[in-house]
Amino acid sequence: MERFTEQDKSTIARLSYKPMFLFNTEDVIPLCPSAQQMDLLPEDLGKIYRDYAERKEIDISTVLHDQKDRTLNVKITARTVLYEGRSYFLGELLDITGDQTKLFKMQRISYIYQLMLEMTQKSAMLESLEQVYEFILEYAQRMVRNFEFCSVMEIRGGIAKVVALRGYDECDCITDIPLKDTFLYRETHGKCDRIANISDLNPYLDNYYPIRVGEENEKVMLQSTISVPLRVHGKLAAVLNFDSLYKGNFNEDDIEILTLVQANIEMALVNCKLYIQLRESVSHDCLTGIHNRLYFEAYYKTADKEHMWLAVFDINDLKPVNDSFGHEWGDRVIRDFAGRLSGICRENELVARTGGDEFCGVFYGDSRQEVCRRIEAIQQEITQKPPRSGDMEVRYSFSYGLEGCDECEDNSLRRMLKTTDDRMYEYKMDYKRKNCHGI
């Protein structure tokens, strides 16, 4: 039997628009404010449980009474759940006493809240922005009617990039659009601060191409759209679009529905970005953006050791840089070196920052000379193009040690690091004797 938890109870209390109850013959628990407002007689719901207790699910219309003895015609959809060790019906009640227009709207809103509840539960399992964008479209297209096409555009650097779509032929879809040319931007005069329902797109189609529809690939223009801005920490992060080939195809109900789900969608984006940041913080160095020691050690254990070379690096004389120019320049040197190391990496190769000015790398090559040439090229590059800021530049160099996994009987990381550290120490001593590099 499905378990109903306190977390489920809290989520329903926060999200449910439609009255929801837990009930059996002994207990009736209103789960949200709208359920409490109904003020129903517990005996009525207890009788329903008693009559249908052998069923796992019910979908019935019946008559209930409230504490003021008023009669309510309701539709009850319920399923059996286990809460605090006891069997209950978890039921949604729809008051059908009013007219059919109100009924239809309540049913639609109730359905939207069901989808929002699903979104809240499932969005926690998403691990990438690509998954989030597809997830948004999967649910959003079930919430809006009368559209033929929908898409999500990610906003970066003033560019709206189409990252997920439905209905469009990919060759018809312009993937990169200046934000200022989007329907949302133009309709809101650059503010992008509200949902835009544009019933006639003809004034906006000067920068757009026709799309192909039907078996004969007839070229037509979009006629109406509804665009939803999605913000993360107050900044425009994406735009959700619903497009139609017909004018005036969206109405105020669509805006109301999308306003309801907008915050849920934004929360899914926020949570995913936080997850990615957390994952990055575990595996990446926050100063340089390259991998950290923890990730490097895990990577080395599973990496192919054939033709592998392990290198350790140490930036020479970083302390004088900090003392002379300040720690900001010291950090700049560290970031500069990390970027140059990353720049020589090929497929399956990896570099990581393992300490203050210490780095490790995994490289592949047929010989020591081949890998050394790639590393020494960085020394030459630093000499020729040191890091600069305005008229100021700082020259630096580095020492390194290199050892091949094929050359060692014991190629465990512990043993390899000991060998490469020794080689690096020799390199550094030679550097100090020659003093041909440095600041």
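Predicted model: local features only at pLDDT ≥ 70, side-chain atom pairs only at ≥ 80, totals over all residues.
1. Strand 16 (residues 350-353) directs Leu350 and Ala352 to one side and Val351 and Arg353 to the other, and all are buried. Buried denotes under 20% relative accessible area, exposed over 50% and partly exposed in between (1.4 Å probe, protein chains only). Helices (H or I, at least four residues) and strands (E, at least two) are DSSP runs, numbered from the N terminus.

2. Residues are numbered from 1 along each chain as its sequence is written, and side-chain values use heavy atoms, with hydrogens and water left out.

3. Strand 16 pairs with strand 14 (residues 291-292) in the parallel sense over two bridges; pairing requires that DSSP find at least two bridges between the strands. Arginine 353 of strand 16 is the bridge partner of asparagine 292. With strand 17 (residues 358-364), strand 16 pairs in the antiparallel sense over four bridges, and leucine 350 has valine 362 as its bridge partner there. A hairpin of four residues connects strand 16 to strand 17.

4. Helix 3 (residues 42-52) has Asp44, Leu45, Gly46, Ile48 and Tyr49 buried. The cover over the buried residues of helix 3 includes strand 1 (20-23), strand 2 (28-30), strand 3 (57-65), strand 4 (71-83) and strand 5 (86-95), contact being heavy atoms within 4.5 Å.

5. The structure holds 18 aromatic pairs (rings of Phe, Tyr and Trp, its six-membered ring, with centres within 6.5 Å; planes under 30 degrees apart count as stacked, over 60 as edge-to-face and the rest as tilted). Among them is the edge-to-face pair of tyrosine 49 and phenylalanine 89, at 5.2 Å centre to centre and 70° between the planes. Because tyrosine 49 belongs to helix 3 and phenylalanine 89 to strand 5, this pair ties together parts that are 40 residues apart in sequence. Tyrosine 49 counts as buried at 12% relative accessibility, and phenylalanine 89 does so at 1%.

6. The pair of phenylalanine 147 and phenylalanine 242 is edge-to-face, because the ring centres are 5.2 Å apart and the planes lie at 70°. Phenylalanine 147 is in the loop between helix 5 (129-140) and strand 6 (149-156) and phenylalanine 242 in strand 13 (residues 235-244), so the pair ties together parts 95 residues apart in sequence. Phenylalanine 242 is buried, its relative accessible area being 0%.
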